[in-house]
Amino acid sequence: MLLLTTIITWLGRLNASIIFIFKYLAITAVAVMTLSILVQVFCRYVLDNSLPWSEELARYLMVWMTFLTLPVVSRMKQHAALDIILGALPRRPALILELILYVLMGAVLYYAFDRSLGFAIKGDRVLATALPITKAWSYMAMPVGFGVMMMVYVELFLKAVVDFVTGAPKSTPLASTIQSEG
Amino acid sequence: MGIAFFWILLSVMFLGMPVAFALLFAPGVSLFLEGKEMFYLLLTQRLYNGIDSFPLMAIPFFMLAGEVMNRSGITLSLVQVSQAFIGHLRGGLAQINILSSMLFAGLSGSAVADCSALGKMLIPAMEKNGYSRRFAAAVTAASSVIGPIIPPSGIMILYAFVMNVSVGGLFAAGLIPGVLIGGSLMLMTWFLARRRGYKVASEKATWGERGTAVKQAFWPLLTPVILLGGIISGVFTPTEAAAVAAAYALAVSLLSKTMTVSSLPDLLYATAKSSAVILFLVGSAVAFSSVISLSGAPQKIASFMVTLTENPLLLLLIINILLLLVGMFLDAGPAILILGPILGPIVTQFGIDPLHFAIVMCVNLTIGLTTPPMGLVLFVASSVSGEKVETISREMLPYLAVHIFVILLITYIPALTMTLPRLFGFAS
């Protein structure tokens, strides 16, 4: 039990630091993405000279923005989900269901990580359309995001195990609702 | 392959697996059972393609614009404009609430943003003015449905993306239905106010006072003009228009000193997080839909529908009931991503215009955000007002009746949605 809490503490610190670094990378990605589209608008409508690379750059940055923030969204349990059953169950059955769901989601993430890594490595042979880089630069966002998400869910899984054993009060359900309707 | 994946999807979603994961898990399991794991790579590619998309980039930009306007004083100036024009009506603050929602809808594309921004300001004000808090919360929730119907609209961008219709066309189509919802809610409020003796909010304003209010809100009110003008006239792509709107809102807030540069990183991070949730969902839904087409499920469902009815009017009624039921449990975004590719082709076979159906679906599912047990807007109204979800939804019943009436109007009078798109050349 002590070993478990130690693992959770260290894994939690590791995840928190990765998320902290990702935060600033994601902020930069959004800022540069917005700027590049504004520059594109300016060049096309004011200078009457469209840029070949701005759209592709912005798209790749958006992919990175997504996968850099998915770990924190997962850790904060902010994915859109239905919690009618999970929220209605008593504490222990809810925790068991939660643990099962984490295992299933872990399986999804394992395959997603594995296949997207292969996809990214193959992408190293494909040149981007306008930017002087290979598509691997954008594809790599997927394994990075899925990999860190796996670590986050291991942390959440272990925490739920501890909750189950120690009988801590019912925590928030697996996911809370968030502005997923746009 | 069979449609086992559909039942797997439903089960794990109800058990509480986040929708984006469930959309990958279900096809994953059914492919695994059939020994077709080589398709996993295809799913991954489709997931990537769903996210790496220029049209979808409008979503983070609209989110950014929304975040900016939420944090600056724009909401207040919109409320002041509404008060100057209709504060003297019976049930004044309730009417102001609805009109402000309509104005806010022209700036933001989200019902949740609408509900939280206006609720924070107007629910306490209404309570002070003699309304019950539950009624104040109900009006706020009911009127925030207009948010994603009057353009811009997040869910319409999603719909346009998965169904390959024009965003400009959808935006033009949503305008009249949005105003119709607002007008009908105001009419119902007028009846309720008369029966319950609600007061006016203020004396009738003079035209001079109205002018001052409009002048103060002039720069923010220009946003929808830039946005819609740019998109509908075809000058900007929706993504470019959204980026310009975000930059414009930022410039207005920074220049009017309602926001500081130091709050910018937090704002961008919030934008990144809420966009990531949606983009992951879109990616998963795109991966999922490739399995749907492999399975031939739309054809199966379509032929089942044909055995039910061959009458398009009846079909629309059935679909509306289905959507209302789905909307009780699922958010509008995921529902559109999952059901759009299934229902869209069926409806087109029956000769219904894709734009018309899109608006029916968007309005219906947005109303689903205000119905229990799962209603995002309802939850926000509850957390802003402190009233229970059950209490608010009971208080909302007259408004729900109005909503359903409007859905039927939009469904059976296509001219309401199709007139503007035809006028601007988005439909024939």
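Helix α9 (residues 154-163) of chain B and helix α18 (residues 354-367) of chain B cross at roughly 135°, and their axes come within 11 Å. That angle makes α9(B) oblique to α18(B); angles under 35 degrees count as roughly parallel, over 145 as roughly antiparallel, 65 to 115 as roughly perpendicular and the rest as oblique. The structure is a predicted model, in which local features need pLDDT of at least 70 and side-chain atom pairs count only at pLDDT 80 or more, while totals for chains, interfaces and linings use all residues. Residues are numbered from 1 along each chain as its sequence is written, chains are lettered from A and ligands numbered from 1 in the order in which they are written, and side-chain values use heavy atoms, with hydrogens and water left out.

**Helix pairs in chain B**

Two packed helices are described by the angle between their axes and the distance between the axes. Axes are lines fitted to C-alpha atoms, for helices over the stretch in contact, and angles run from 0 to 180 degrees between N-to-C directions. Helices themselves are DSSP runs (H or I, at least four residues), numbered from the N terminus.

The crossing of α9(B) and α18(B) is right-handed, a term used if the near helix is turned clockwise from the far one by less than a right angle. On the α9(B) side, Ile155(B), Met156(B) and Tyr159(B) meet residues of α18(B), including Phe357(B), Met361(B) and Cys362(B). Contact means heavy atoms within 4.5 Å. By class, this contact has 9 nonpolar, 1 polar and no charged residues. Ala, Val, Leu, Ile, Met, Phe, Trp, Tyr, Cys and Pro count as nonpolar, Asp, Glu, Lys and Arg as charged, and the others, Gly among them, as polar.

Helix α10 (residues 167-196) and helix α22 (residues 415-423) of chain B cross at roughly 135°, and their axes come within 7 Å. They are therefore oblique to each other, and their crossing is right-handed. Gly169(B), Ala172(B), Ala173(B), Leu175(B), Ile176(B), Pro177(B) and Leu180(B) of α10(B) make the contact with Leu416(B), Thr417(B), Leu420(B) and Pro421(B) of α22(B). Its classes are 9 nonpolar, 2 polar and no charged residues.

In a further pair, helix α3 (residues 39-51) of chain B packs against helix α14 (residues 264-295) of chain B at about 135°, with the axes 7 Å apart. α3(B) passes α14(B) in a right-handed crossing. Among the residues that meet are Phe39(B), Leu43(B) and Arg46(B) in α3(B), and Leu279(B), Phe280(B) and Leu294(B) in α14(B). This contact has 11 nonpolar, 5 polar and 1 charged residues.

**Buried residues**

Buried means under 20% relative accessible area, exposed over 50% and partly exposed in between, with a 1.4 Å probe and protein chains only.

Thr271(B) lies in helix α14 of chain B and counts as buried at 0% relative accessibility. A polar atom of its side chain lies 2.8 Å from the backbone oxygen of Leu267(B). Thr271(B) also touches Pro60(B), Met63(B), Leu64(B) and Glu67(B).

Thr34(A), in helix α1 (residues 2-46) of chain A, is buried at 9% relative accessibility. Its contacts are Phe61(B) and Leu64(B).

Asp114(B), found in helix α7 (residues 111-128) of chain B, is buried with a relative accessible area of 0%. Residues that Asp114(B) touches include Ser101(B), Phe104(B) and Ser143(B).

Gly87(B) sits in the loop between α5 (74-86) and α6 (92-105) of chain B, and it is buried with a relative accessible area of 0%. Among the residues it touches are Ile96(B), Val200(B) and Ser202(B).

**Backbone exceptions**

Most residues other than glycine have a negative phi, and most peptide bonds are trans.

Pro152(B) lies in the loop between α8 (133-144) and α9 of chain B, and Pro373(B) in the loop between α18 and α19 (376-385). Lys77(A), in the loop between α2 (54-75) and α3 (84-88) of chain A, is buried with a relative accessible area of 14%. Asn164(B), in the loop between α9 and α10 of chain B, is exposed at 73%.

Key:
Helix = DSSP H or I, 4+ residues; strand = E, 2+ residues; numbered from the N terminus. Polar contact = N/O pair within 3.5 Å; in protein donor to acceptor, adjacent residues only side chain to side chain. Lists of a residue's contacts leave out its neighbours within four places in sequence.
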